[in-house]
Every structure is written in structure tokens, then in C-alpha cells.
Amino acid sequence: MTEFTLQDQIRDRAKQLLASEQVKCVIGYEHGSRGQVRPAFIHQINDVDSLVWNQGCTHNLVTYLRDIKGTFGSDEHLQRVAIIVKPCDSRALNVLLAEKQIEREHIYVIGVVCTGIVEGAGYAGQSSDKLQTRCVRCSDRVPVIYDLLVGEPTHPEITDDYVDLTELEAMPPAERAAFWLKQYERCILCYACRQVCPGCYCSTCMFERDDSLWVGIAAGVKEKEAFHLGRAYHLAARCIGCDECERVCPMELPLSLLNHKLAKEVQRLFHYCAGDEPSQSPLATMLAEGEEFPA
Amino acid sequence: MKYISREALQTWLDRLANDVTLIAPRLVDDILLYQSVSSAREIVLDYTRPKMSAKEVVLPSSEPILFVEKRGQEVSLTEPSSGAQIIFGLRPCDAHGIAVLDTVFVGQEPIDLNYARRREAITLIGLSCPQMREDCFCTSMGGMPNDPTHFDVLLTEVEDGYAVNTVTDKGRTLVDHLNLEEIKGEPAEPIINETESVLAQEHWPDLFADHYWDLLAERCLECRMCAYLCPVCRCFDVQDQVTQQGISYSKYDRLRCWDSCTGTNYRVVAGGHNPRATKGQRLRNRFFCKFHYFPVEYDHSGCVGCGRCIEACPVNIDIVEVMRDISRAFNASQISNASPDAEKGVTA
Amino acid sequence: MSEHTFQPRIIAFCCNWCSYAGADLAGVSRLQMPADFNIIRVMCSARVAPEWIIKALLNGIDGVMVLGCHIGDCHYISGNHRAAKRFVLLKEMLAFVGVHPDRLLVDWVSASEGRKFQTLVTEFSKRVKELGPCREWQVEIQTPQR
């Protein structure tokens with residue numbers, strides 16, 4: 001099945017949903033100002049034809065549910081929001097559902113079978129033919145949660161074994177620390193990584209509280225390090241590995257390495273993978289019978 | 001205009017790096033940034049635009065403006081000092097940005113002493129752009145890829161070397177003792193993009209309440225990238241940070257740090273009220289600041305057209321597109337005012 | 001800093017219901033302990049936010065202990081269950097960014113275990129002394145002058 005028909009199916013469904021007033025808005029993708037793809041919010045049937053689906057649809061749209069939260073009426077005039085999700089995005093949906101951030105009946109999920117997103121997607125003139133690293137590693141080509149599935153399910157073999165992560169793990173600790181410090185130094189504290197993250201939904205980030213004794217406003221390497229480590233830990237067992245934080249970082253910090261490391265340890269310690277199903281993180285639940293930490 | 005060969009330039013830069021703090025485009029983990037260099041070899045000469053603007057040099061992302069030391073009942077205040085700095089390889093848009101910051105911080109009384117002190121010790125040696133990038137629009141904002149106005153010295157690449165255009169006395173003292181020859185011929189004109197038209201500042205308020213801003217902001221992530229990369233965005237926050245605290249001795253730094261109107265809590269006042277409560281209002285402020293508030297206050301645009309925000313925005317909020325949409329919306333509203341049947345508003 | 005002059009700075013987070021009482025018992029029993037730790041009393045070991053530990057270790061603290069009730073004895077029934085899981089993961093992350101995992105100790109001390117408190121503190125202090133100051137290498141990496 002070609003991408004062209006996937007796009008048509010999405011548009012058809014979006015039209016139906018808007019026409020029947022089942023949803024008030026469809027969150028999808030459209031062409032941007034310079035040939036790239038960008039998030040789109042379709043409120044009117046006339047605009048549905050601007051929806052696109054291709055290998056440049058990199059954004060995790062689940063992030064935007066944060067803004068929409070609380071805008072739903074509770075009565076009979078419940079109008080839902082339709083959202084287009086890739087398999088990775090759908091896992092973020094599961095995390096938000098488990099944490100009661102959204103109600104299942106408030107969203108209509110259009111799941112798209114994804115064959116991978118290309119490098120440089122979302123930025124003008126930077127798209128390449130190469131798949132993003134996260135897509136090469138992804139065996140999950142079918143969304144884990146959807147109301148409508150678009151595309152034929154496939155289950156590719158994955159060959160990637162996280163070379164970047166194992167290389168870093170093999171470094172001597174002091175070198176690894178130096179590596180990270182060098183990365184943090186570049187950070188400009190624009191908080192794009194936090195803003196783009198579907199898992200970061202606190203109304204006031206604890207690293208931005210008006211409290212200079214806790215986290216200073218200085219853009220020093222210590223503050224940056226505390227922010228990135230704190231954020232990574234807050235996302236432990238919740239990060240679904242969409243790597244959007246790394247994509248949006250203007251300073252190209254390898255933030256996904258931290259997240260992947262924690263995901264790997266969560267898998268090893270708790271046999272849990274965030275987003276597989278709408279279940280609570282093991283860090284928020286009791287020990288199972290016979291389970292013991294520190295082991 | 002004088003001429004300097006590539007070799008002579010390298011020697012000169014090496015000497016400058018030795019004598020003062022030389023800031024130049026340098027690769028840091030494959031990202032081009034204006035940073036201090038220790039020799040000419042580190043400098044990248046073949047580039048279009050560093051990721052961050054040179055704003056960082058004149059207005060650091062976080063700078064102590066006062067050191068407070070308290071010993072018993074005695075309080076002492078120290079002001080920071082700054083040494084001589086030369087920025088080499090500055091692009092005209094970045095120099096334009098610094099000129100705009102100058103008008104804000106030292107252009108009118110009372111002047112900002114910290115800024116003035118640092119700026120005084122900075123010399124700008126520019127490098128003309130041979131051509132504009134696809135997302136550059138400096139020509140629409142009153143700049144040119146080879147505009148010498150805001151520099152002390154501007155170099156323009158010619159065959160085998162650079163044409164040296166000395167603009168100010170500060171630049172002359174730097175260049176004079178190099179004994180440069182007169183240049184033969186003129187450097188080539190840069191390749192420029194089509195000029196965008198900007199809606200005149202007095203018309204912007206007509207679109208203040210337009211639904212356009214809410215629609216535009218739907219995809220905004222509310223990060224501060226655009227403001228932090230911008231050569232002109234200059235909002236800051238001041239806080240005291242405790243660096244040492246004891247019973248009889250304590251130390252505080254008064255810090256000035258970048259802030260951005262796109263952030264959620266930028267406008268929050270005591271008691272928790274946020275006058276700019278919606279994302280649309282916050283994003284609107286960014287564009288109104290550049291194209292209305294700034295021109296009203298200082299008589300020129302608050303954007304220099306470097307295109308950094310266009311390149312970096314992960315959700316494609318494109319300032320050029322906004323300019324076009326706003327012009328179109330204004331024109332449409334003019335027509336609809338003339339004929340009441342036509343549709344009002346922006347269709348974007 | 002040479003080995004014998006180095007006095008580590010250690011923070012011990014003790015839960016209000018067991019470990020703090022345990023520390024108290026160690027005190028009133030006049031058990032000998034190194035004097036290089038400071039106790040911060042918290043209501044439960046699960047109250048200890050990982051950010052606190054990160055922040056402490058990055059800001060000149062050389063070791064952090066988190067002490068709570070024994071599993072099954074938590075005043076809040078399952079607070080220490082969560083603490084147990086959280087800090088084992090935090091150790092992995094700290095190791096990944098170059099902080100030795102031994103700088104964080106998680107254990108359970110009941111109100112009657114003054115002796116255990118003494119042993120834990122003594123051993124931990126010894127271990128942290130061996131490891132040396134946290135982030136000693138940081139001085140080598142200078143923030144570039146911009």
C-alpha cells in the first residue's frame with residue numbers, strides 16, 4: 001500500500017469525523033512554509049485536504065493534548081479531538097492515559113502504520129533518505145492504541161543494538177562524566193526538550209520554580225546538569241523513546257542517550273517497557289511478592 | 001579599500017588571539033558557535049551563519065551584575081569587570097543585532113552600565129556573506145550581506161584574500177600598523193534574495209485581536225529557542241543567587257539571565273495572575289515586539305532578518321510566513337472595509 | 001586533597017518513623033560514629049526526591065544515605081517500596097553520568113537498630129573516603145569564556 005493512499009484514508013476519515021461533528025478538531029500534519037512537514041490543527045472540513053502523511057511526519061502530536069486538556073465539555077455535547085499517531089506516539093498516549101492526564105473518550109485515535117521517519121524531517125531543506133535512528137530501532141510498526149488503523153501491519157526485524165549507548169557505557173566513568181559535562185555546557189536552557197515532551201506536563205516545572213535556593217536561574221553548567229538529569233529521571237519508566245527532545249534541541253545534545261539508558265535499566269530491573277499498555281510505572285507501585293531492592 | 005592575503009590574515013588573527021580575547025566562529029561538537037579561540041587555526045572561515053547569534057558576547061545568557069558579600073554586619077558590593085574582546089567573523093546581521101542592542105542599552109539615558117562597560121571593550125571585525133541563505137531576509141530588514149555600517153572593520157572575500165574596509169577609528173587603530181596595500185578592483189556583489197515587504201508598524205494594532213494568533217500558536221511548543229537564538233531579543237530576568245551561606249559570612253550573586261516572552265511564566269505577576277494567559281497572546285507578543293513595539297520606541301525594526309528562528313523552530317513557526325500572512329490579512333481587511341461583503345480575517 | 005585530610009560531607013535522609021529514631025538510639029547509646037554526616041529528617045524515605053540527591057552530589061556533597069523503615073514496616077504502608085525501586089534506578093543513572101554508585105546508599109534501619117545505624121554510617125563514611133571528593137575532576141573542565 002502506498003503512502004498516497006494512507007494520506008487519502010486519513011483525509012477521508014478526518015472529513016467524516018468533522019462532518020458528523022464527532023470531533024471538533026483533527027490534529028495531524030500539513031506542509032510547512034518551506035517544504036517540510038509541520039503539525040496541523042484542522043477545525044474545518046475545507047481544510048482537511050491540507051492534511052498530509054509521509055516520511056517527514058516526525059512530530060509527536062500527543063504533546064498537544066496537554067494544551068487541549070480541560071477544554072472538553074462534560075455533558076452530552078462532548079466533542080472529541082482526533083489525533084493522528086505513529087506507533088511511537090501511541091505509546092505516549094498510553095502513558096498519559098495511565099497517568100489520568102487524558103480521558104480515552106475525549107480522543108479519537110487515528111493510528112498509522114509507520115515505515116519510519118527520515119532524518120532531518122521537520123526542518124527546511126534538511127530531509128535525507130536515511131531513516132532516523134529511533135526508526136531503525138523500532139520493531140513496533142503498528143500503534144498500540146487506536147480507533148482506526150490506517151495501513152497494513154508489518155513487523156520488521158530490528159538489527160540495531162544501540163551501539164552509541166554501549167560505547168558510552170564502556171567508557172571509564174571519569175571520561176563519561178567529562179563527555180556529559182561537555183554536552184551540558186552547550187545547552188542554552190531553551191527548554192525545548194521539555195516543551196516537546198508528551199511526558200513533561202507539569203504546569204510549573206520544578207526546575208523553573210521561582211526559588212533561587214533550589215534551582216538558580218543562572219545558565220551555569222551545574223544548573224543545566226541538574227535540569228537534564230532531573231528531567232531524565234522524571235521520565236524514567238515513562239519515556240517512550242520518541243527522541244523528540246533530541247530532534248528539537250538547537251544545540252544537538254544527545255539527550256536520547258540518557259533516556260535510552262534509563263529505559264534499558266527499567267527493562268532489566270522491572271521488566272517494564274513504558275507505553276506498552278496503559279499501566280502505572282513500576283516506580284509508582286508497590287513491590288511484588290518476593291521482589292527485593294536493593295537486590 | 002585595502003587588501004589582506006589569506007596568510008597575512010592568519011598571522012594577524014594569531015596575534016590578536018594572543019593579545020586579547022578573540023571570539024570567532026568555531027566548531028564545537030560539529031556545531032558552529034561564536035566562541036573564544038586560542039589560534040587562527042580553530043576559526044572556521046567558510047560558513048554561512050553560526051547557530052547562536054553573537055548576542056551572547058555582549059549580553060551573556062547569565063551574567064553577574066553585582067557581587068554581594070556579607071561579613072557580620074558589614075556588606076560589600078563589587079561590580080564585575082570585563083577585558084578587551086574582539087569578535088572576528090561576525091556576519092552583518094549579527095552586527096546589526098548588536099547595533100540594535102546598543103540603541104536599547106546605551107542609546108538613551110539611563111544607560112546600562114554593565115552593558116556599556118562590556119560593549120566599550122569590544123571591537124567588531126566582520127566578514128561579508130557571499131550570498132544569502134534560503135531562509136535569510138536581512139535585505140528586508142534594512143541590512144545587506146555586505147553592509148559595513150555596524151562594524152569597526154569589515155572583510156570581504158576576494159580572490160586569494162580579503163578586501164579590508166575600515167569603518168571606525170577603533171578599527172583603524174587595529175588595522176593601520178598592518179601596512180596593507182590598496183586593493184585592485186572591487187569585491188563581487190553578494191547574491192541576494194527577494195525582498196519581503198513588512199506591514200508598516202502603525203497598521204499592526206489593527207490585527208491585534210485577530211484570531212490568526214491563536215491559530216498560529218496552536219502548534220507552538222512554548223520553548224524559548226527563537227528568543228535565545230535571536231540577535232535582538234534582549235529580555236532578561238534578575239535574581240539574587242546565594243553562593244555561600246553561613247552564620248557570619250554569606251555571598252550572593254545578582255544575576256541577569258535571558259528570559260523569553262514565549263515562556264509560560266514570563267508575564268506572571270505577584271499573586272499568580274498571568275495577563276498573557278494564552279499561548280496565542282504570548283506568541284503574538286513576540287511578533288508585535290519586533291514589528292510594532294520596537295519600531296514605535298526606537299524607530300526601526302526589532303528583527304534583523306538573520307533567519308535563525310526559521311531554521312531552528314521545530315514546528316515551523318516561520319517569521320517570514322507570519323509577515324506575509326499579516327500583510328495579506330491587513331490588505332484583505334482594507335478591501336473588506338471598502339466592500340462589507342468580503343470575508344474578514346486571515347485564511348492561513 | 002590528600003587521603004587523610006579529606007573529610008567527606010555526607011547527607012543522611014532518615015525517615016521520621018524508624019531510621020530517625022534508630023539514629024537517635026545510636027546517639028543516646030553513645031555509640032562511636034564518624035562526625036562527617038548531617039541528618040535530614042523526612043517523613044518517609046519515599047519523600048526523598050531523586051532531584052535532591054542529584055543536586056547534592058553535584059554541589060559538593062560526597063555521599064548520600066537514604067534510610068527508611070524495613071519493607072513491610074513503613075508507616076505509610078508502601079512508601080519504602082517505592083523508595084527501594086526509585087533509588088536502585090537512580091544509582092544506575094548516576095553511574096551513567098560518571099558518579100560512583102557507591103556514593104548513594106539505600107538501606108532500612110528500624111527504631112531499635114541503633115547498632116545498625118552506627119555500622120552503616122561508619123562503613124559508608126569509610127567507603128566515601130576511599131572514593132574521594134565527588135566531582136574532583138570537575139576542575140579540569142573549564143567553561144569556555146564566551
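Visitor: In what order do the elements of chain C run from the N terminus on?

Guide: They run β-α-β-α-β-α-β-α. That comes to 4 helices and 4 strands. Helices are DSSP runs of H or I with at least four residues, strands are runs of E with at least two, and both are numbered from the N terminus.

Visitor: What kind of model is this, and how is it labelled?

Guide: It is a predicted model, in which local features need pLDDT of at least 70 and side-chain atom pairs count only at pLDDT 80 or more, while totals for chains, interfaces and linings use all residues. Residues are numbered from 1 along each chain as its sequence is written, chains are lettered from A and ligands numbered from 1 in the order written, and side-chain values use heavy atoms, without hydrogens and water.

Visitor: Why is V88(C) called buried?

Guide: Buried means under 20% relative accessible area, exposed means over 50%, and partly exposed lies in between (1.4 Å probe, protein chains only). V88(C) has 14%, so V88(C) counts as buried. This residue sits in helix α3 of chain C. Across chain C, buried residues make up 53% of the 146 residues.

Visitor: What does V88(C) contact, leaving aside its neighbours within four places in sequence?

Guide: L269(A), F270(A) and F293(A). Contact means heavy atoms within 4.5 Å.

Visitor: How many residues of chains C and A are in contact?

Guide: 34 residues of chain C touch 43 residues of chain A. The two chains bury about 3500 Å² between them, 70% of it on carbon and sulfur atoms. Buried area is the accessible area (1.4 Å probe) that two parts lose on being put together, summed over both. K85(C), L89(C) and F96(C) supply 24% of the area that chain C buries against chain A, more than any other three residues.

Visitor: What makes R268(A) and E92(C) a salt bridge?

Guide: The rule asks for a side-chain nitrogen of Lys or Arg within 4 Å of a carboxyl oxygen of Asp or Glu. Here N and O are 2.9 Å apart, so the pair qualifies.

Visitor: Which elements of chain C each supply at least two residues of the side that touches chain A?

Guide: α2 (50–58), α3 (79–96) and β4 (104–108). The largest share, 13 residues, comes from α3(C).

Visitor: Which salt-bridge network includes E92(C)?

Guide: It links E169(A), K261(A), K264(A), E265(A), R268(A) and E92(C). K261(A) and E169(A) are one pair, with N and O 2.8 Å apart. K261(A) lies in helix α10 (residues 255–270) and E169(A) in helix α5 (residues 163–170) of chain A, so the pair ties together parts 92 residues apart in sequence. K261(A), at 8%, is buried. E169(A) has 23%, so E169(A) falls in the partly exposed class.

Visitor: How do you know that the salt bridge of K279(B) and D67(A) joins two chains?

Guide: Their N and O atoms are 2.5 Å apart, within the salt-bridge limit. K279(B) is in helix α8 (residues 279–298) of chain B and D67(A) in helix α2 (residues 65–68) of chain A, so two chains are joined. K279(B) is buried at 13%. D67(A) is partly exposed at 33%.

Visitor: What makes R119(B) count as buried?

Guide: Its relative accessibility is 15%, so R119(B) passes the buried cut-off. R119(B) is in helix α4 (residues 113–120) of chain B. Its side chain makes a polar contact with the side chain of D102(B) at 3.0 Å.

How values were computed
A polar contact is a pair of N or O atoms within 3.5 Å; within protein, one must be able to donate a hydrogen and the other to accept it, and residues adjacent in sequence count only if both atoms are side-chain atoms.
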